Amino acid sequence: MTRAARVAIIVAMVIVAFWIARAQGPAGPRSAETTPRLADGTPNLGRVAGEKGVWNVPYIQNMGMRIPGPDKTTAVQRAAAAAAAARAAGAGARGAGGGPLGGGEGAAGGARGGSKAEPDVPFLPWSRGVYDYNSRNNSKYDPEGYCLPPGGPRLMATPYPMEIIQQPEHKRILMIFEGATHIWREIYMDGRPHPQGDELNPTYLGHSVGRWEGDALVVDVVGFNENSWLDYYGHPHTDLLHVVEKFTRPDKGTLRYEAIIDDPGAYSKPWTVTWDIPWRPNAELTEYICQENNRYQRRLTDDFGEPVFGSGH
Amino acid sequence: MRMQPFAAAGIALLLAVVPVVAHHSFSAEFDANKPFKHTGVVTKVEWQNPHTLFYLDITDDATKKVTNWAFEMGSPNGLMRNGWTRNTLKIGDVVTVEGSLARDGTPYGNARSVVLASSGKRLFADSSQGATP
């Protein structure tokens, strides 16, 4: 290896370590400001009066890597810690702690391990097959690539900033998203139940009712259609999907997100995913309209070489 | 490949800090194992969602044949967060672009960074690659 290449690798490792530490590590001094609160003491999940700021949603590509284990850490956190430990142990230990689940987030060259690499995801046989298919074709048919909205937890995993706007006087909370399709969701805080039977219309974002449990905003969501994936890697879901989300703000700089994915149509038992979303002070949302000129749809061909979206009538 | 240490470190930096914007599957269209670095003359800029595209006339050093290439970047909002405006690239500008080639072998690539020859300024292209495999 040339000296130049060694320099490049060392620089990259240091930067990546810093980046991971900043994105996932315990809150540093910068973000250690206490949780802001509304006048009535409820945690403020949005801006402080007079300030700007947005939630800088990270790119969570594979929720199979975000399942907390018995020690409450996720595979991504364990891999980052192991890599840091390996670096601390010296160059000879390079890679000793790596190898996250046979090609998870950040794997190079498109190598993806599919369902076999994710023992913690309780696949049913059909969802396992669909997931492996999506793994093999590199998520070619991802609905977000068609400019369709993310549904469920993927709203908090699609890397465009978002804001949470609390309106206690209206007994609702609004979440507005710059991407993937410039959408908003309304969380009813007035104690209403979900609509029943045919009154529950299947939609991309589902029907959300929320409540406060201590300092946690707990949102119960049902009524999803089947047009979205749970994540970029292509974990499927059905219209039986029921998501319970928990939002907390342990300090001003951090939104902790947790979601229980309960879909008996696709998984044998509920599974939980979690990650942190950093606050980006002084930032504002801007316009992003995915549908403007999506050439990907024009180029996309199916497994038989035919245009997915047809030549049109 | 012979590479200056600082150039190599610069590329490592790019790989590490590029902000990520997702749209379609990066891996389905582009091959992260096929990096490129091309210099050419801007012929067209399409400042639009979900991806801004720009086109370069690139002359092959050996054959002198000129090919018009297309390069995909992020969306205007993401590019503006990275210091771009709709007038950053002008027709006739000479630029050097780095990124990943399309899998289908056409003269098309995903741009990760662009350097303007006139100023030497390097701008990140808000690539959809980022940490995507």
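This is a predicted model: local features need pLDDT of at least 70, side-chain atom pairs count only at pLDDT 80 or more; totals for chains, interfaces and linings use all residues.

**A helix and its surroundings**

Mentor: In helix 2 of chain A, the buried residues are A:Ala75, A:Val76, A:Ala79, A:Ala80 and A:Ala86. Look down the helix axis. The buried residues of helix 2 in chain A fall within an arc of 135 degrees, so they line one face of the helix. The background is simple. An α-helix has 3.6 residues a turn, so residues three or four places apart point the same way.

Now take the helix as a whole. Helix 2 of chain A covers residues 75-88, which is 14 residues. From first C-alpha to last, helix 2 reaches 20 Å, close to the 20 Å expected at 1.5 Å a residue.

Next, look at what flanks the helix. A:Lys72 sits in the loop between strand 1 (54-55) and helix 2 of chain A. Its phi is positive, about 75 degrees, although A:Lys72 is not a glycine. With a relative accessibility of 67%, A:Lys72 counts as exposed.

The mean pLDDT of chain A is 87, and 82% of the residues in chain A reach 70 or more.

Step back to the chain. Chain A has four helices and nine strands. Along the sequence they follow the pattern α-β-α-α-β-β-β-β-β-β-β-β-α. Chain A has 313 residues, and buried residues make up 47% of them. Take the contacts in chain A between residues at least 6 apart in sequence: 58% of these join residues at least 24 apart. The accessible surface of chain A is about 15000 Å², and 56% of that belongs to carbon and sulfur atoms.

Continue along chain A to another backbone detail. A:Cys147 lies in the loop between helix 3 (125-136) and strand 2 (162-167) of chain A. Phi of A:Cys147 is near 70 degrees, a positive value in a residue other than glycine. A:Cys147 is buried, with a relative accessible area of 6%.

Move on to strands 3 and 4. A:Ala180 lies in the loop between strand 3 and strand 4 of chain A. The peptide bond from A:Gly179 to A:Ala180 is cis, with omega near -5 degrees. The side chains of A:Glu186 and A:Arg172 meet at 3.3 Å, N to O. A:Glu186 is in strand 4 (residues 184-188) of chain A and A:Arg172 in strand 3 (residues 172-177) of chain A, so the pair ties together parts that are 14 residues apart in sequence. A:Glu186 is partly exposed, at 25% relative accessible area. A:Arg172 is partly exposed too, at 26%.

Over all chains, the structure holds 19. In chain A, A:Glu33, A:Glu51 and A:Lys252 are linked in a network of them. Another pair, B:Glu46 and A:Arg295, has its closest N and O atoms 2.6 Å apart. This pair crosses between chains, from strand 1 (residues 30-46) of chain B to helix 4 (residues 295-299) of chain A. B:Glu46 is buried, with a relative accessible area of 15%. A:Arg295 is partly exposed, with 21%.

Finish in chain B. B:Arg122 forms a salt bridge with B:Glu98, the closest N and O atoms being 3.3 Å apart. B:Arg122 belongs to strand 6 (residues 122-124) of chain B and B:Glu98 to strand 4 (residues 94-102) of chain B, so the pair ties together parts that are 24 residues apart in sequence. B:Arg122 is partly exposed at 39% relative accessibility, whereas B:Glu98 is buried at 8%. Chain B has a cis peptide bond as well, from B:Asn49 to B:Pro50, with omega near -10 degrees. B:Pro50 lies in the loop between strand 1 and strand 2 (53-59) of chain B.

Terms used:
Residues are numbered from 1 along each chain as its sequence is written. Chains are lettered from A and ligands numbered from 1 in the order in which they are written. Side-chain values use heavy atoms; hydrogens and water are left out. Helices (H or I, at least four residues) and strands (E, at least two) are DSSP runs, numbered from the N terminus. Buried means under 20% relative accessible area, exposed over 50%, partly exposed in between (1.4 Å probe, protein chains only). Contact means heavy atoms within 4.5 Å. Accessible areas come from the Shrake-Rupley method with a 1.4 Å probe; for residues, only the protein chains shown count as cover. The expected span of a helix is 1.5 Å times one less than its number of residues. The arc is that of the directions from the helix axis to the C-beta atoms. A salt bridge is a side-chain nitrogen of Lys or Arg within 4 Å of a carboxyl oxygen of Asp or Glu. pLDDT is the predictor's confidence in each residue, from 0 to 100.
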